[in-house]
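Try each task before reading its solution.

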Amino acid sequence: MNDAFNRREFLKLVTIASTGTLAACSPAPPQKVIPYVIPPEDVVPGLSYWFKTTCRECPAGCGMMARTREGRVVKVEGNPEHPINRGALCARGQAALQGLYNPDRIAGPLRRTPEGRLEPITWEQAEDALVALFRFLRQERRNATVALLTERISGATEKFFRDLFAVFPAGQVIQYEPFAYEALRAGNRIAFGTSEIPHYDIAAARMLVSFGADFLETWLSNVECARAFADARRRHERDAMRFVAVEPRLSLTAANADAWLPARPGSEAALALALVYEILRSGRARLSSTEAARIGQLVANFDAETAERLTDVPAETIRALAREFATADPGLALGPGVAASGPAATALQVAVNLLNYVCGNVNRTVQFGRGSNWDRVATHAEMLEFIERMRAGRVDVLFFHHANPVYALPPTAGFARALQRVRLKVSFSPFLDETTAQCDLILPDHTPLERWEEYQPRAGIRALVQPTMAGGFHFQSRQAADVLLRVVRRADATLSRPFPFENFRAYLENEWRAVHRAVAPEQSFAEFWRSAVEAGGIWREVPLRPVRLSDAVFRFDFSPALAVHTERDESFALLVFPTAERFDGRGANRPWLQETPDAMTKIVWSAWAELHPETARRYGVSEGDLLKVSSPHGEIQLPAHLTPTVRLDTVAIPLGQGHTSFGRWAADCGPTPLALLSADVEATSGGLLYGGTRVRIARLPVRRLLARTQLETSQHEREIARVVPLAELVAGSVRRDPEPRLSLYPEHTHDGHRWGMAIDLDACIGCNACVVACSIENNVPWVGALQVDRGRHMTWMRIDRYWEPAPEAQPIGGVTPLETHFLPMLCQHCDHAPCESVCPVYATYHNHEGLNVQVYNRCVGTRYCSNNCPYKVRRFHWFDDQWPWPLALGLNPDVTARTKGVMGKCTFCVQRIRAAKDQAKDENRTVRDGEIIPACAQTCPADAIVFGDLNDPNSRVRQLSDSPRGYHVLGELNTRPAITYLKKIRRSVPDRHPGEDG
Amino acid sequence: MPELTYSRVNRDILRTLETPGRAYWIAVALLAAGVALGGYCWGTQIQTGMGVSGKFIPTAWFAYITTFVFWVGIAHSGTLISAILFLFRARWRTPVYRSAEAMTVFAVMTAGLFPLIHLGRAWQFYWLLPYPNERQLWPNFRSPLLWDVFAVTTYFTVSAMFLYLGLIPDIAAARDRATGWRRRLYRLASLGWRGTDTEWTHYSSAYMFFAAFATPLVVSVHSVVSWDFTMSIVPGWHSTIFAPYFVAGAIHSGLAMVITLLIPLRRLFRLEQFLETLHFEQLARLMIVTGLIVGYAYGVEFFVAWYSGNPFELSTFLDRAFGPHGDLFWAMVVFNCGLPLLFFAPRLRRNYAVLLTVSVLVNVGMWLERFVIIAVSLTNDYLPAIWRKTFHFTWVEAGILFGSLCWFLLLFFLFAKIFPTVSITEVKEALPEPKRTVTVEGNA
């Protein structure tokens with residue numbers, strides 16, 4: 001039926017339609033910063049304006065606020081009132097600014113010429129082409145299949161696209177997310193009869209067991225999880241939360257666990273089932289005896305010994321863990337993340353559900369009704385089906401809306417090849433990504449910071465995305481929905497009725513009239529709308545929807561949980577994992593995300609393959625050697641990174657690199673492990689098999705640059721990151737470590753304020769959000785892999801990470817469990833600052849408020865201060881900073897950009913101190929505690945950083961600084977830092993004492 | 001020196017000032033090209049940024065400061081030979097002291113370049129000087145770098161004046177024979193010296209005064225330079241032994257440099273009669289002493305690192321000897337402490353080839369010593385998280401270092417053709433008085 005027309009016909013159509021208006025070029029956008037002749041009444045130069053919006057860097061949907069100065073966004077922060085992230089943002093959210101100002105954004109609409117080149121056209125031409133296309137499709141080729149492939153959308157946005165694509169007789173909207181959590185959805189459907197992904201109340205849990213859920217990095221909603229995790233960790237008393245992570249590689253999440261159980265890849269389900277088995281056997285289940293018996297039958301094959309054989313985790317440990325988990329009131333087990341999504345992923349989720357169920361956690365910490373609905377996001381199986389249709393030539397026109405399947409799907413899925421069979425491809429992407437590069441018509445959309453949208457991250461939250469600055473400031477982008485509205489009306493007059501709106505904002509407002517009637521009919525709509533936009537959306541508490549165990553679970557076949565590769569051979573389990581900084585690769589063109597060191601390996605600007613040093617020795621591989629990793633489905637080459645944090649039978653490769661067309665910063669950063677994955681899907685859920693692939697490795701005689709910001713992993717018994725056992729803390733026997741109090745010089749007096757900081761090492765999860773926030777706030781430049789390798793990275797804040805063998809821990813599967821210490825390191829603003837006395841020109845000095853101040857103008861660049869700084873937090877400007885236009889537009893105007901040859905460092909965000917003091921002075925009062933929040937503290941999801949006035953005995957920072965857990969890093973040097981660190985708490989780990997019922 | 005007469009001394013020494021040959025001009029041209037290369041590299045560094053050098057965090061001081069200390073060290077034995085040995089009436093210093101003194105001044109001039117080259121913003125160097133200004137901005141008198149500025153400028157001033165003072169009678173001697181621009185230059189530079197008794201009296205007491213004044217500077221200047229390091233809290237730098245250790249090291253390297261320069265000079269200018277083997281032997285003996293002192297200091301540093309019980313200090317020293325740059329450390333020990341012991345054998349210290357080789361290697365060793373102390377210590381300080389032990393020596397750095405060596409040699413070459421490198425006055429003092437009947441050429 002599709003022989004009636006072909007691709008050439010479409011192209012011709014697009015070309016002819018647009019020649020008519022060739023002359024009508026759009027006028028150049030206004031260039032004035034602020035027209036002073038008639039000053040706008042609502043913009044005062046020098047003042048910041050905040051716009052609340054929603055972060056769209058991942059599907060989590062955190063609330064965001066954008067700070068604008070003179071009409072330009074200069075910083076994004078979390079919305080403190082937003083229920084998901086409560087003011088915090090992760091590294092990716094912080095870097096959203098570099099998406100907005102990215103110089104590799106598409107400048108304006110592009111069209112593919114008959115020769116195959118992309119040529120710029122005007123928006124009029126582009127819209128004319130679309131109008132012609134719409135008419136053609138609606139009038140002449142009514143049987144043509146039209147599809148929109150979009151990222152996860154919801155609320156009014158989703159309705160809009162659904163309705164709009166319904167104007168085509170065979171139109172459809174497919175939502176595509178690389179991480180679609182198929183196993184969670186399927187596992188919940190099987191266990192509880194609902195595919196909802198529930199809200200997990202991590203904060204309430206007293207015992208948390210994660211089976212490969214990287215909830216502090218990418219899993220579902222990492223900032224929300226991190227916030228809840230930190231809340232739980234703050235209970236230091238007897239109801240303290242303990243956390244055990246089961247995964248073959250020490251991820252950032254596992255690094256925050258009290259015990260890391262490096263189980264064999266793919267064996268997590270067996271472990272979870274063994275826990276169910278042991279809990280039932282010991283009679284600790286909170287169930288009726290009939291139900292217990294039924295479930296017992298279901299898991300009868302999974303005793304602790306079987307699990308030991310499959311997982312490498314000793315049966316003794318499994319029993320102890322079962323005992324501990326069953327007695328925790330409540331506990332919480334979390335199911336698979338991306339790295340654990342192998343052939344047994346659904347089995348694992350069902351097992352996790354059973355585990356939660358037998359311990360009575362379901363409807364307590366596992367809250368259905370408050371979760372998120374992913375039903376309309378296509379599973380991998382559905383995507384494969386769609387690809388099959390494309391390949392068969394049954395998709396005629398395909399629109400892409402912020403989806404990049406050419407990159408994000410494994411090559412074995414064959415998307416790129418199938419795409420060639422699609423007759424016309426239209427992309428709304430602001431970037432020339434891999435998918436867009438294959439399209440025929442490119443109509444660059446605004447980035448999320450310039451457009452209107454509604455997003456519903458989970459039940460009860462209707463979040464609004466609003467433009468925080470005028471679009472088209474440098475790039476001639478237009479919101480896709482606006483373009484479609486205009487086009488659809490022009491294409492067919494009859495469509496003016498269903499789509500009478502001038503733009504998407506009007507559509508959205510109209511949609512919200514219904515919301516208004518349902519939520520706040522007592523208010524006027526204008527008032528309601530205004531307050532909703534000002535707040536960034538509306539949210540309310542949603543009731544729990546209790547679930548019961550479904551009968552389907554008793555028919556579930558757990559055999560994939562037994563199919564664990566336990567033989568010792570020359571093949572390795574491939575562990576494909578996402579990281580907190582790079583997620584699925586959609587942020588790879590943000591230079592600050594590339595330069596932010598991976599939380600665990602500290603690698604920047606590159607992909608890597610993690611090998612255990614013992615494995616590496618066997619293969620003669622050393623750090624940075626190029627490895628050939630081959631699976632039955634493909635082969636990639638990437639540098640090896642040796643680390644004791646991965647199992648001996650596993651090769652771990654991160655997702656997120658390997659872009660071939662996504663801008664200058666995404667290029668040349670190594671391959672993506674997707675090339676190694678099979679085209680199969682996980683049978684039950686239809687999920688992409690990120691796990692379960694076996695690979696072989698071979699060393700190639702080449703070395704690759706693998707730049708890391710930190711090379712040494714041990715703290716050499718220097719007690720830099722200190723630990724206190726929970727038992728001692730509860731017993732109240734913790735005392736401050738002694739420090740010298742000697743001085744030749746008179747002490748600083750610090751009349752008025754004395755600024756200080758407290759950093760809780762027990763709360764810090766090492767996620768790097770502060771690092772990016774600091775860099776964006778303070779105009780810190782990035783320098784690229786080569787310079788990082790040379791030791792010239794510029795971050796004012798860094799997270800030092802040390803590993804020590806965990807005390808009393810036994811090796812599991814040849815891997816020694818490690819205790820990880822994260823130590824956020826920034827200028828300590830010492831009272832006796834070693835840097836101050838050595839500067840010959842007073843470029844750095846101690847001010848009367850306790851700040852160690854750096855005067856860039858006075859600095860001549862002797863670098864003596866850096867040598868003498870025992871914390872090495874000073875950063876020298878080796879070169880002039882590079883801010884390719886228009887990235888420079890996003891620089892913070894309150895912070896001096898440094899020239900080459902001067903030293904810079906953390907200022908405690910002195911510009912924020914200044915602003916708060918000015919404000920206080922205007923209001924004739926003193927600065928309130930908590931009024932000044934430096935960028936790092938502001939974005940910390942764990943609230944690990946507290947800033948304030950140490951002179952105020954009631955301030956939070958003072959109280960934390962006086963904590964018995966407090967100590968100063970290198971305090972024995974008598975530097976007297978203004979930053980007090982609170983020791984990490986070592987919680988007793990469940991598997992240490994032999995069980996009484998074992 | 002039985003056959004030497006006053007006139008012969010005048011003739012032989014002033015002969016070295018005669019119109020130079022082709023070899024000299026080629027040498028000068030090559031050296032000037034080397035200086036130009038260094039200038040180009042410095043220009044590149046100023047234009048592009050300090051990143052073109054091999055420095056990084058934590059090793060923010062690298063080859064430039066190493067070379068600065070090296071040249072300051074070289075500068076020291078000049079004053080030692082000219083002033084201290086003068087006060088001790090060590091007669092054998094006579095023929096070598098002028099070269100040593102000139103070397104001092106030029107070494108300080110070379111050394112003085114490096115703090116400027118090293119600055120991130122070299123064009124703001126004058127902010128290090130305490131000059132009055134309307135904003136009342138003064139430098140930080142607590143900073144050892146500022147002490148350095150004072151120490152080095154003082155040392156340069158005094159050693160330059162000392163050199164010049166000793167030159168005045170010799171310039172006058174040259175003036176009386178010279179023609180053309182040389183005559184005008186010498187006339188101006190000799191300050192109207194006529195050689196009267198009053199002038200000689202004043203000259204002698206002034207020379208004595210400067211010798212006495214310069215002597216404590218030998219000790220103080222390099223002590224101050226060592227305080228650049230000891231006043232910091234960097235493990236491997238923060239040590240009370242540094243002042244005497246650096247002074248001894250400075251003299252050690254200075255002696256080596258004097259020998260390195262004099263052996264070719266002696267051949268080039270045919271000064272065998274004045275510079276005898278005995279003089280070199282004395283220098284070599286002195287090197288044994290300084291080498292042993294330096295070796296002792298190396299040992300004490302390790303002992304203190306262990307004895308202090310300071311884990312940071314101990315780690316740094318273990319890293320110094322057995323870490324990735326241990327080879328540099330052992331090379332430095334062998335060159336500075338081992339090789340000078342060869343001079344216990346008279347046969348070896350009288351052999352010019354051995355003397356030259358050992359001196360050059362001691363110079364290399366002393367550069368390595370400063371490099372090991374400065375750069376290698378920095379790679380291993382308090383927080384292991386920032387340890388970074390790979391060095392990347394860049395072509396810009398190499399160019400600047402090479403250029404500075406050329407600069408030093410160029411100054412020396414030019415000096416040797418303009419002023420007498422052996423003191424006519426003092427050589428004559430050592431001769432028996434001539435009989436009055438003999439006509440004396442020149443009146444000095």
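**Exercise 1.** In this predicted model, decide how α5(B) and α6(B) are oriented to each other, then describe their contact.

*Solution.* 
Step 1. Locate the helices. Helix α5 of chain B covers residues 144-177, and helix α6 of chain B covers residues 180-189.
Step 2. Take the geometry. The two pack at an angle of about 150°, with their axes 8 Å apart.
Step 3. Classify the angle. Angles over 145 degrees count as roughly antiparallel. α5(B) and α6(B) are therefore roughly antiparallel to each other.
Step 4. The crossing of α5(B) and α6(B) is left-handed.
Step 5. List the residues. From α5(B) come Ile171(B), Ala174(B) and Arg175(B). They meet Arg183(B), Tyr186(B), Arg187(B) and Ala189(B) of α6(B).
Step 6. The contact of α5(B) with α6(B) has four nonpolar residues, three charged and no polar ones.

**Exercise 2.** Judge how compact chain A is for its length.

*Solution.* 
Step 1. Count the elements. Chain A has 30 helices and 37 strands.
Step 2. Look at the extents. The C-alpha trace of chain A spans about 85 × 80 × 70 Å along its principal axes.
Step 3. Check burial. In chain A, 60% of the 998 residues count as buried.
Step 4. Check contact range. Take the chain A contacts between residues at least 6 apart in sequence: 75% join residues at least 24 apart.

Conventions:
Residues are numbered from 1 along each chain as its sequence is written. Chains are lettered from A and ligands numbered from 1 in the order in which they are written. This is a predicted model: local features need pLDDT of at least 70, side-chain atom pairs count only at pLDDT 80 or more; totals for chains, interfaces and linings use all residues. Helices (H or I, at least four residues) and strands (E, at least two) are DSSP runs, numbered from the N terminus. The radius of gyration is taken over C-alpha atoms; the globule rule is 2.2 Å times the number of residues to the power 0.38. A residue is buried if 20 or more other C-beta atoms lie within 10 Å of its own, exposed if 12 or fewer, and partly exposed in between; C-beta atoms are placed from the backbone. Two residues are in contact if their C-beta atoms, placed from the backbone, lie within 7 Å. Axes are lines fitted to C-alpha atoms, for helices over the stretch in contact, and angles run from 0 to 180 degrees between N-to-C directions. Angles under 35 degrees count as roughly parallel, over 145 as roughly antiparallel, 65 to 115 as roughly perpendicular and the rest as oblique. A crossing is left-handed if the near helix is turned anticlockwise from the far one by less than a right angle, and right-handed if clockwise. Ala, Val, Leu, Ile, Met, Phe, Trp, Tyr, Cys and Pro count as nonpolar, Asp, Glu, Lys and Arg as charged, and the others, Gly among them, as polar.
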